[in-house]
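Subject: Structure handover

Hello,

Please look it over before reading on.

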Amino acid sequence: MKQPLSVSIEPMRLADLEEVMRIDQRSYPVPWKKEAYLTELANRAAAYFVARSADRIMGYSGEWVIMDEAHITTLACEPLYRGRRVGEKLLTALIEEAQVRRASHITLEVREGNLPAQKLYEKYGFEPVGIRRSYYSDNGENAIVMWVSDILQPAFQQKLQQRKQLW
Ligand SMILES: CC(C)(COP(=O)(O)OP(=O)(O)OC[C@H]1O[C@@H](n2cnc3c(N)ncnc32)[C@H](O)[C@@H]1OP(=O)(O)O)[C@@H](O)C(=O)NCCC(=O)NCCS
């Protein structure tokens with residue numbers, strides 16, 4: 001593991017979109033259009049974060065929280081700064097925001113071939129619970145549905161705090 005990068009995690013703002021979209025374009029085969037981000041930033045059920053270091057954005061993440069379920073919609077880091085715990089911090093921000101909004105579980109879809117992301121989610125207690133066949137329109141790849149439950153329980157909270165101490 002490379003040296004962790006010192007970043008501050010902050011709510012995503014309109015002014016961040018240019019940099020966020022640049023990382024999006026370098027991270028996903030089908031990046032979001034600006035309108036999608038604008039809709040999400042206005043959505044009260046959504047929470048979006050950026051990781052900032054020395055005035056540069058190094059990554060971003062987002063989720064919806066509806067009733068007791070959070071659904072991670074996106075997570076990506078600047079390619080040159082991957083492997084430096086930025087993804088982990090952005091995922092933790094999503095988990096903690098889900099807890100604040102009283103969600104008890106979190107779900108997401110991840111490409112079958114995306115092992116780095118799967119490993120990251122597993123590290124935080126997510127488990128595969130199903131497959132959505134040909135979910136991704138660009139190449140027909142399957143999505144693995146992952147899920148973590150009981151995030152409001154003390155045992156989960158304790159593990160999360162232990163992980164944070166290793167940063
Ligand atoms: C997935 C992603 C967000 C991870 O961010 P990152 O900052 O590079 O990851 P971190 O440094 O925080 O790594 C944390 C954990 O993730 C896993 N991980 C990260 N990169 C990995 C890799 N190349 N191979 C295997 N596991 C990896 C490991 O479990 C790691 O913990 P460990 O070092 O203690 O084993 C990043 O690779 C990315 O932006 N990918 C492109 C977009 C994407 O795939 N997003 C997820 C969509 S579902």
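Below is what was found in the structure, from the overall fold down to single residues.

This is a predicted model, in which local features need pLDDT of at least 70, side-chain atom pairs count only at pLDDT 80 or more, and totals for chains, interfaces and linings use all residues. Residues are numbered from 1 along each chain as its sequence is written.

Overall fold

The protein has five helices and seven strands. Helices (H or I, at least four residues) and strands (E, at least two) are DSSP runs, numbered from the N terminus. Read from that end, the order is β-α-α-β-β-β-α-β-α-β-β-α. The radius of gyration is 15 Å, close to the 15 Å that the globule rule gives for 167 residues, so the protein is as compact as a globular protein of that length. That radius is taken over C-alpha atoms, and the globule rule is 2.2 Å times the number of residues to the power 0.38. Along the principal axes, the C-alpha atoms fill a box of roughly 40 × 40 × 35 Å.

Of the 167 residues, 29% count as buried. A residue is buried if 20 or more other C-beta atoms lie within 10 Å of its own, exposed if 12 or fewer, and partly exposed in between, with C-beta atoms placed from the backbone. Among contacts with a separation of 6 or more, 61% are between residues 24 or more positions apart. Two residues are in contact if their C-beta atoms, placed from the backbone, lie within 7 Å.

Ligand shell

The ligand is surrounded by 20 residues, and the closest are Arg 82, Gly 87, Glu 88, Pro 116 and Leu 120. A residue is near a molecule if its C-beta atom, placed from the backbone, lies within 6 Å of it. Strand 4 (69-77), helix 3 (86-100) and helix 4 (115-123) are the elements that give two or more residues to this shell. Helix 4 supplies the largest share, six residues. By class there are 10 nonpolar, four polar and six charged residues in the shell. Here Ala, Val, Leu, Ile, Met, Phe, Trp, Tyr, Cys and Pro count as nonpolar, Asp, Glu, Lys and Arg as charged, and the others, Gly among them, as polar.

Core

The largest nonpolar core has 37 residues, and those with the most contacts inside it are Phe 49, Tyr 60, Leu 90, Ala 98 and Ile 106. Such a core is a set of buried Ala, Val, Leu, Ile, Met, Phe, Trp, Tyr and Cys residues joined through C-beta atoms within 7 Å. The elements giving two or more residues to this core include helix 1 (17-27), strand 2 (46-53), strand 3 (56-66) and strand 5 (105-111). Helix 3 provides the largest share of this core, seven residues.

Leaving aside neighbours within four places in sequence, Leu 90 is in contact with Ile 9, Phe 49, Ala 51, Gly 59, Tyr 60, Ser 61 and Leu 75. Met 12 lies in the loop between strand 1 (8-11) and helix 1, and is buried, with 20 other C-beta atoms within 10 Å. Not counting residues up to four places away in sequence, Met 12 touches Val 20, Leu 41, Tyr 48, Phe 49, Val 50 and Tyr 60.

Strand pairing

Two strands pair if DSSP finds at least two bridges between them. Strand 2 and strand 3 run antiparallel and are joined by eight bridges; Ala 47 has Glu 63 in strand 3 as its bridge partner. Strand 3 and strand 4 are also antiparallel, with eight bridges, and Ile 66 stands opposite Glu 69 in strand 4. Eight of the 11 residues of strand 3 are buried.

Strand 7 pairs in the antiparallel sense with strand 5 over six bridges and with strand 6 (residues 127-132) over five bridges.

Positive phi

Two loop residues other than glycine are listed here. Arg 85 has a positive phi of about 70 degrees, sits in the loop between strand 4 and helix 3, and is buried, with 21 other C-beta atoms within 10 Å. Arg 102 has a positive phi near 65 degrees, lies in the loop between helix 3 and strand 5, and is exposed, with 10 other C-beta atoms within 10 Å.

Regards
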